[in-house]
Protein chains: 2
Amino acid sequence: MDGERPPQRRRGRPGHDQDAVLNAAVRLFNARGYDATSMFDVAETLGITKSTLYHHVSGKEQLLAMAVDRALDGLFEAAAQVSGEKRAIDRLERLISSSVLVLAERLELVTLLLRVRGNTEVEQHALARRREFDGIVTDLVKQAQAEGSIRSDVDAATAARLIFGMVNSLVEWYRPERGHPETLARTVVELAFRGLRTEATNTTQDDQRRQ
Amino acid sequence: MDGERPPQRRRGRPGHDQDAVLNAAVRLFNARGYDATSMFDVAETLGITKSTLYHHVSGKEQLLAMAVDRALDGLFEAAAQVSGEKRAIDRLERLISSSVLVLAERLELVTLLLRVRGNTEVEQHALARRREFDGIVTDLVKQAQAEGSIRSDVDAATAARLIFGMVNSLVEWYRPERGHPETLARTVVELAFRGLRTEATNTTQDDQRRQ
DNA sequence: GTCTATAAATGGATAGAC
DNA sequence: GTCTATCCATTTATAGAC
């Protein structure tokens, strides 16, 4: 249009809304899969045509790049914030907790991120950043082990992956209606650190392997 | 075919090998995603043309159906086998352990299963069977809670999902070279039941909520 | 900013010769 | 059983009018 349509909130430059486009795209990418979603689908959801969609974004891959970058930014911000704690076990606990909160807050972005396979350069870049984050977590587990606050009869990398496997699995079923993210974060930390069992319930077979 | 090409192992009927086709397809589906993989890609990997591929299988979706069915059969067999144990906590432990073993043994099939989104009827059927399996697990957790062997301050469905989130995350990183599945299964059970911490390390803030 | 029209490539799938 | 050739639908993306 030619001037008279002030959006609810002012924007830096153009007329329309790139975030609305991104939101719709991410939603569809998650629902049907990135590859199974066409630019026509995205345009249709927004009530515009494909050409108009291309007026707002440069292409399908840019949408993916924006989404995964925002998700990763959230996770790295969480990782940066835990450095205040003295003990490694406390940094780990806070990182687990913050990650759950980020995941809940940016649920759709993180969901998309976790499904990236590495088909294109954009996807490979996202995978590289994810590996970097995994490395941070593994280091924390190792430090907590050296500190003595985490059992050392399990491999650090394995433990790190299992715990964040638990965290990441939330994208498959957590929904805002299901409760406060803070409550969920506490449950995850509890399970990760103390497990399901009530107390020293029996021990089936082999217990002391090496230590 | 016309007679003279005995494969290494006799088959029921035809000449060639449908399993080889399925294997190659599943590998590609996992590597690039189902939708991003074309029938040309599958044929190329096998060293044949697309038409020849269609001589062996009826279509892309049939490949997907065969794969996810085999994965689900493995999981339900595991679920059927735990009924021997008396206590719910033991049935749960065995189901977690068996699931890890099935996942390791049919790694590629299960990986594909866990990525299904529900776009087609085949996928929806797979999702329905997955939900059925989830229900079995949740029931076991509830029974173990009623029994007193599992802490009741966490929601049963949440706990069930988190534990199997941990199990399922294995498809993202477990590889046969990484060790014996039995060892891994033990680690998962240990983490799920007893957690990461060494002992009664400190308790941050809120501990007794309602019970 | 939004549209119609269309380009150019790729997708799943089939026909029919050898 | 495998091939070449081809159909037809869909895809990403662009040109250009309004």
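This is a predicted model: local features need pLDDT of at least 70, side-chain atom pairs count only at pLDDT 80 or more; totals for chains, interfaces and linings use all residues.
**Entry 1: a pair in chain B**

I started with R129(B), which forms a salt bridge with D69(B), the closest N and O atoms being 3.5 Å apart. R129(B) sits in helix α7 (residues 121–147) of chain B and D69(B) in helix α4 (residues 60–81) of chain B, so I am looking at a link between distant parts of the chain, 60 residues apart. My cut-off for a salt bridge is a side-chain nitrogen of Lys or Arg within 4 Å of a carboxyl oxygen of Asp or Glu. Helices here are DSSP runs (H or I, at least four residues), numbered from the N terminus.

Residues are numbered from 1 along each chain as its sequence is written, chains are lettered from A and ligands numbered from 1 in the order in which they are written, and side-chain values use heavy atoms, with hydrogens and water left out.

Is R129(B) buried or exposed? R129(B) counts as buried at 18% relative accessibility, and D69(B) is partly exposed at 30%. Buried means under 20% relative accessible area, exposed over 50%, and partly exposed in between (1.4 Å probe, protein chains only).

**Entry 2: the helices behind that pair**

Next I checked α4(B) against α7(B): their axes come within 10 Å and cross at roughly 10 degrees. The two are therefore roughly parallel to each other. Axes are lines fitted to C-alpha atoms, for helices over the stretch in contact, with angles from 0 to 180 degrees between N-to-C directions. Angles under 35 degrees count as roughly parallel.

On the α4(B) side, I found L64(B), V68(B), D69(B), L72(B) and F76(B) among the contact residues, and on the α7(B) side R129(B), F133(B) and I136(B) are included. Contact means heavy atoms within 4.5 Å. By class, I get 11 nonpolar, one polar and eight charged residues for this contact. Ala, Val, Leu, Ile, Met, Phe, Trp, Tyr, Cys and Pro count as nonpolar, Asp, Glu, Lys and Arg as charged, and the others, Gly among them, as polar.

**Entry 3: over to chain A**

The axes of α4(A) and α7(A) come within 10 Å and cross at roughly 10 degrees. I therefore log this pair as roughly parallel too. The residues of this contact divide into 11 nonpolar, one polar and eight charged.

In chain A I looked up R129(A), which forms a salt bridge with D73(A), closest N and O atoms 3.1 Å apart. R129(A) lies in helix α7 and D73(A) in helix α4, so the pair ties together parts that are 56 residues apart in sequence. R129(A) counts as buried at 17% relative accessibility, and D73(A) as partly exposed at 34%. I also see D69(A), D73(A) and R129(A) linked in a network of salt bridges.

**Entry 4: one more pair, and the total**

Back in chain B, the side chains of R32(B) and D41(B) meet in a salt bridge (3.2 Å, N to O). R32(B) is partly exposed at 31%; D41(B) is buried at 12%. How many salt bridges are there over all chains? I get 26.

**Entry 5: how the copies relate**

I laid chain B on chain A: RMSD 0.1 Å, by a turn of 180 degrees and a shift of 0.0 Å along the axis. That is the relation of a two-fold axis. The superposition is by least squares on the C-alpha atoms of residues with pLDDT of at least 70 in both copies. The copies meet through the same surface, because 96% of the interface residues of chain B are also interface residues in chain A.

Technical notes
Angles under 35 degrees count as roughly parallel, over 145 as roughly antiparallel, 65 to 115 as roughly perpendicular and the rest as oblique.
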